[in-house]
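Hi everyone, thanks for coming. Let me put the model up on the screen, and then we can walk through it together.

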Amino acid sequence: MSNVVLSEIHGKVGLIRINRPEAMNALNNDVVDGIAAAIDAFEADENIGCIVLTGNEKAFAAGADIGFMKDFDYMHAYQTDFITRNWERIKTTRKPVIAAVAGFALGGGCEMAMMCDMIFAADTAKFGQPEIRLGTLPGAGGTQRLPRAVGKAKAMDLCLTARMMDAAEAEKAGLVARVIPAEQLLDETLKAAATIAGYSLPVVMMIKESVNRAFESSLNEGLLFERRVFHAAFALEDQKEGMAAFVEKRKPAFKNR
Ligand code: CO8
């Protein structure tokens with residue numbers, strides 16, 4: 001594991017910290033590779049039920065590393081598929097990922113947060129897609145995921161003016177799930193992640209997959225997908241245990257099968 005990405009295990013939760021404080025956690029290959037490696041490890045660890053991705057108190061990530069990419073030419077960007085590499089690993093993991101965002105989440109940093117399953121924001125968080133100021137545009141989902149999260153009007157505003165949106169505005173617009181006082185951000189996020197990790201992992205994965213379907217299919221397709229997965233859940237021992245525990249007025253003991 002590289003030192004620009006740190007990973008820790010908190011009970012059943014895997015925590016990934018982006019650690020380039022000298023550069024506002026700007027994203028380069030080492031950071032993206034480090035995050036992907038940490039996710040690989042947490043995906044393979046059957047004890048882990050939820051993943052949290054965070055930065056530091058000043059920045060979740062202030063975007064792609066500008067110094068690193070400033071001299072790229074078209075062929076280099078195209079041939080290396082900049083920065084696709086492992087970028088999609090956050091999206092492809094079947095376990096839920098919560099972004100805990102304090103400070104700046106700009107450009108690729110905002111895009112990385114949006115690739116997670118939900119965002120918990122500190123009251124210090126600032127979101128933006130300021131690429132236009134650099135003579136370029138969002139390249140990792142900013143023009144696609146932001147409108148889906150906050151609507152066309154606000155997405156156009158953010159992408160075209162480069163202004164930042166604070167945590168309160170981001171919550172109101174639907175980009176973030178919760179706003180939390182900065183000093184409690186990590187504790188609260190880990191607590192929510194532990195709650196998720198305490199449920200049946202196959203059910204958690206089924207819910208993640210089903211909610212994501214809402215963004216990738218028509219309503220009818222999505223409803224059918226949900227119903228099929230709902231039917232499949234009756235094959236789980238954890239469904240028998242969960243419903244028996246309710247009827248018997250006791251806590252369920254899920255076995256992840
Ligand atoms: N890349 C490289 N270095 C950065 C970046 C960055 N994105 N952001 C900050 N830094 C560095 C600064 O250069 C500075 O370094 P040094 O101390 O050596 O001069 C250090 O971090 C501290 O930054 P500031 O002194 O600027 O701190 P301020 O508090 O004054 O300002 C800001 C903080 C507002 C975050 C400011 O640094 C800023 O505007 N940063 C750039 C934000 C930006 O434009 N982001 C978009 C980048 S483009 C992009 O993300 C395209 C995505 C493509 C998809 C692929 C993603 C991997």
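On one side of helix H8, Ala153 and Leu160 are exposed, where exposed means over 50% relative accessible area, buried under 20%, and partly exposed in between (1.4 Å probe, protein chains only). Helices (H or I, at least four residues) and strands (E, at least two) are DSSP runs, numbered from the N terminus. This is a predicted model, so local features need pLDDT of at least 70, side-chain atom pairs count only at pLDDT 80 or more, and totals for chains, interfaces and linings use all residues. Residues are numbered from 1 along each chain as its sequence is written, and side-chain values use heavy atoms, with hydrogens and water left out.

So which residues of H8 are buried? In H8, residues 152-161, they are Ala155, Leu158 and Cys159. They cover an arc of only 90° around the axis (taken from the directions from the helix axis to the C-beta atoms), which puts them on the same side of H8. Their cover includes strand E8 (126-128), helix H7 (142-150) and strand E9 (165-166), with contact meaning heavy atoms within 4.5 Å.

After H8 comes alanine 162, with a positive phi near 70°. Arginine 163 counts as partly exposed because its relative accessible area is 28%. By this rule, the count comes to 15 salt bridges.

Conventions
Salt bridge = Lys/Arg side-chain N within 4 Å of Asp/Glu carboxyl O.
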